[in-house]
Amino acid sequence: MEFITNSPTETEEVGKNLVKELKGGDIILLNGELGAGKSTFVKGIAQGLKIKRTINSPTFTLMNVYTLDKEKNGIKKLIHIDTYRLKDEEALIEIGAEDYIGKKDTLTLIEWPEKVQELIADKDIIEIDLIQAEENRRKIVIRGEE
């Protein structure tokens with residue numbers, strides 16, 4: 001599936017609409033350069049899940065956990081992981097990421113997934129590439145959804 005967006009709002013909308021296709025246990029890998037719109041896309045998914053809290057990239061904390069007020073598609077928690085500053089996978093294990101990744105009631109979103117290949121090995125994943133074409137124009141390519 002491919003989308004072209006021309007604003008952060010449109011990028012969020014693609015994420016919001018994707019929620020209809022997602023379920024608990026899904027792991028989404030977000031690929032893209034700095035500024036490609038990964039966190040904006042996550043905000044859209046959070047909107048689709050009716051999460052009211054402010055969604056910030058966990059660049060320094062590595063992982064944010066959001067509990068849904070009401071379960072949607074078997075999803076009770078949204079886990080947002082950003083490994084940009086990650087030294088090694090062990091740091092994610094130490095903060096408990098293993099307890100969430102792939103769990104049946106959890107939707108996991110991982111930015112910079114190339115740094116955590118061992119944690120996601122043998123798991124079904126959905127890959128999303130966000131490619132910045134111009135300042136606000138993005139190409140979003142979704143692969144692996146069932």
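Which strand does Asn 64 lie in? Asn 64 belongs to strand β3, which covers residues 63–72. The model described here is a predicted one.

The relative accessible area of Asn 64 is 16%. Buried means under 20%, so Asn 64 is counted as buried. Its side chain has a polar contact with another side chain, that of Thr 61, at 3.4 Å.

Helix α2 runs over residues 38–48 and contains Ala 46. With a relative accessible area of 1%, Ala 46 is buried. The buried residues of this helix are Lys 38, Phe 41, Val 42, Gly 44, Ile 45, Ala 46 and Gly 48. Just after α2 comes Lys 50, which has a positive phi of about 65°.

Ala 46 can also be placed relative to helix α1. That helix spans residues 8–18 and includes Lys 16. Ala 46 and Lys 16 are 30 residues apart along the chain, and their C-alpha atoms are separated by 7.1 Å. Lys 16 is partly exposed, at a relative accessible area of 32%, whereas Ala 46 is buried.

## Two charged surface patches

Which residues form the positive surface patch? The patch is made of Lys 16, Lys 20, Lys 50 and Lys 52.

One of its members, Glu 94, is in helix α3, which spans residues 89–94. The relative accessibility of Glu 94 is 63%. Exposed means over 50%, so Glu 94 counts as exposed.

How many salt bridges are counted in the model? The count comes to 4. One of them is formed by Lys 139 and Glu 2, whose closest N and O atoms are 3.7 Å apart.

Lys 139 is partly exposed, at 31% relative accessibility. Glu 2 is exposed, with a relative accessible area of 53%.

Arg 143 and Glu 127 meet through their side chains in a salt bridge, with an N to O distance of 3.3 Å. This pair links distant parts of the chain, with Arg 143 in strand β7 and Glu 127 in strand β6 (residues 126–132), 16 residues apart. Both residues are partly exposed: Arg 143 has a relative accessibility of 35%, and Glu 127 has one of 25%.

Arg 143 has another salt-bridge partner in Asp 129, and the closest N and O atoms of that pair are 2.2 Å apart. Here too the pair links distant parts of the chain, from Asp 129 in strand β6 to Arg 143 in strand β7, 14 residues apart. Asp 129 counts as buried, at 17% relative accessibility. Through salt bridges that share partners, Glu 127, Asp 129 and Arg 143 are joined into one network.

## Two buried loop residues

Thr 83 is in the loop between β4 (75–82) and α3. Is Thr 83 buried or exposed? Thr 83 is buried, and its relative accessible area is 0%. The side chain of Thr 83 reaches a backbone atom, the oxygen of Glu 111, at 3.1 Å.

Gly 32 is in another loop, the one between β2 (27–31) and α2. At 19% relative accessibility, Gly 32 counts as buried, because buried means under 20%. Gly 32 and Ile 125 are 93 residues apart along the chain, and 16 Å separates their C-alpha atoms.

Key. Residues numbered from 1 in each chain as written. Predicted model: local features only at pLDDT ≥ 70, side-chain atom pairs only at ≥ 80, totals over all residues. Heavy atoms only, no water. Helix = DSSP H or I, 4+ residues; strand = E, 2+ residues; numbered from the N terminus. Buried < 20%, exposed > 50% of the residue type's maximum accessible area, 1.4 Å probe, protein only. Polar contact = N/O pair within 3.5 Å; in protein donor to acceptor, adjacent residues only side chain to side chain. Patch = residues over 30% accessible without salt bridge, like charges linked within 9 Å, V, L, I, M, F, W, Y side chains within 5 Å. Areas by Shrake-Rupley, 256 points an atom, 1.4 Å probe, with all protein chains shown as cover. Lys, Arg positive; Asp, Glu negative; His and termini not counted. Charge placed at Lys NZ, Arg CZ, Asp CG, Glu CD.
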